[in-house]
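Let's take a walk through a protein model together. Have a look at the sequence and the structure below, and then we'll go through the parts one by one.

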Amino acid sequence: MRPSQDLVPPPSKQPSNGLMDRLRSLGLKRGAAALLFTRLFKKKSTRKLMKMGRSGFQKGRSGLSKATEITGQELSSRAKQTARSIKHHSKPKNLNKDYRKLLHLTQEIGYDRGIEKLFFIPAKGFISLDELTIDSPNRQFGHNYHPIHRLSFNWAMAQIPDQLDKFTFVDYGAGRGRALLLASLLPFRKIIGVEFANELHDDANMNIAQFPRSLMKCRDVDCLLMDAVDFPIPETRGVFLFNDSFDREVLETVLARIGSSYRANPRRIYLVFVRPLHAKVLDSLIERTVIFEPIYHSKSEKMRMQILSPDQVQIFRTLI
Ligand SMILES: C[S@@+](CC[C@H](N)C(=O)[O-])C[C@H]1O[C@@H](n2cnc3c(N)ncnc32)[C@H](O)[C@@H]1O
């Protein structure tokens, strides 16, 4: 049956060739396909459905293009951020910083673990002086607590050629006592810590009391609660440790006290600086004492420490 003229949809509503082709591909003749389309099209529900479909499609398309735009922006800003970060981290100064950070971490979770197991109160970690009870005007010049790495300590001690049993070991700013107890594994004559933060001093004494005596080559270990500037310098030979303890204002006074003690009783004294103050500052302070000279390490030792140690170590000794 041929479809009557009035059933054929007006030109604007003619089914697209694509749709007609599809209807025809279903086996319908052209006329029948047109009739079917017109009937379907005339139905309100069909038109509504088609409208919804069209608007859904348009919304989807605009959503997609918006998403692409946003993702593109995000990706490009992320790419820029990453590029900035790569540029920042690849500067030699920052590469070195990152490498030292990594060494700190590997020391802490590797080499320091053995000694940490022996502590009653863990010495590892960082404590800000703001959280501690300190009765001293030098609080403002004090550096926050973090313990020495075992590698840095052992390496520094290995640079001292003398028999240690004649020496008193002093840790200026003893914290929780890690350096004191590492020193107790060596045959020092006496070991003294000086700490001005109440809580750290208590922890250090607790650690000293609980440390396995069988491992200690020196059992005369004590930690005093006082400011470093008030500590009376021992009359014996000495190895004095300064592990990132305080600013130049305090160090100046401490060095002056060590200087006058030495002049009254000349003897061998080693100053061991771990993470020292800026080289220029430290050198000028040491030069002013006129009694110390630096110990220079062999090139291979220096290289080994530069590669392995997270900390810089500088050692000076009295001229005698
Ligand atoms: C980086 S920590 C070193 C801890 C310990 N020497 C070690 O190596 O494990 C520095 C310590 O110095 C102490 N300190 C800072 N200024 C001080 C001062 N004027 N007198 C005594 N202790 C001080 C801080 O409380 C802190 O515990």
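What kind of unit do E2, H8 and E3 make? They make a right-handed β-α-β unit.

## Before we start

What you see is a predicted model, where local features need pLDDT of at least 70 and side-chain atom pairs count only at pLDDT 80 or more, while totals for chains, interfaces and linings use all residues. Residue numbers start from 1 along each chain, as its sequence is written.

## The overall picture

The protein chain holds eleven helices and seven strands. Those names come from DSSP runs, numbered from the N terminus: helices are H or I runs of at least four residues, and strands are E runs of at least two.

Of the chain's 320 residues, 28% count as buried. A buried residue has 20 or more other C-beta atoms within 10 Å of its own, an exposed one has 12 or fewer, and partly exposed is in between, with C-beta atoms placed from the backbone. As for contacts with a separation of 6 or more, 75% of them link residues 24 or more positions apart. Two residues are in contact if their C-beta atoms, placed from the backbone, lie within 7 Å.

## The sheet

Seven strands form an open sheet in the order E3-E2-E1-E4-E5-E7-E6, with mixed pairing. Strands E3 (221-225) and E6 (292-294) are the edges, as each pairs on one side only. Two strands pair if DSSP finds at least two bridges between them. From one strand to the next, the twist averages 20°. Such angles run from 0 to 180 degrees between N-to-C directions, and the axes are lines fitted to C-alpha atoms, for helices over the stretch in contact.

Is strand E1 (residues 167-172) mostly covered or mostly open? Mostly covered: six of its six residues are buried. Both of its faces are covered, with Phe167, Phe169 and Asp171 buried on one side and Thr168, Val170 and Tyr172 buried on the other.

E1 runs parallel to strand E4 (residues 237-243), joined by five bridges, and Phe167 has Arg237 as its bridge partner in E4. E1 also runs parallel to E2, again through five bridges. Across that pairing, Phe169 has Ile191 as its bridge partner in E2, and Tyr172 stands opposite Val194. To get from E1 to E2, the chain passes through H7, and this β-α-β crossover is right-handed.

Glu195 has Leu225 as its bridge partner in E3, and Val194 stands opposite Leu224. Helix H8 (residues 198-210) packs on the sheet, where it touches E2 and E3, and its direction makes about 165° with that of E3.

## Around the ligand

How many residues surround the ligand? There are 26, and the closest are Gly142, Pro147, Ile148, Gly173 and Gly175. A residue is near a molecule or strand if its C-beta atom, placed from the backbone, lies within 6 Å of it.

Helix H7 (178-183) and strand E2 (190-195) each supply at least two residues of this shell. Sorted by class, the shell has 13 nonpolar, eight polar and five charged residues. Ala, Val, Leu, Ile, Met, Phe, Trp, Tyr, Cys and Pro count as nonpolar, Asp, Glu, Lys and Arg as charged, and the others, Gly among them, as polar.

## Two loop residues with positive phi

Most residues other than glycine have a negative phi. Asp244, in the loop between E4 and helix H9 (248-264), has a positive phi near 45°. Why does Asp244 count as partly exposed? Because it has 16 C-beta neighbours inside 10 Å.

Arg275 sits in the loop between strand E5 (269-274) and helix H10 (279-289), and its phi is positive as well, near 50°. Arg275 has 17 C-beta neighbours inside 10 Å, so it counts as partly exposed.

Technical notes
Right-handed = clockwise from strand over helix to strand, strands pointing away.
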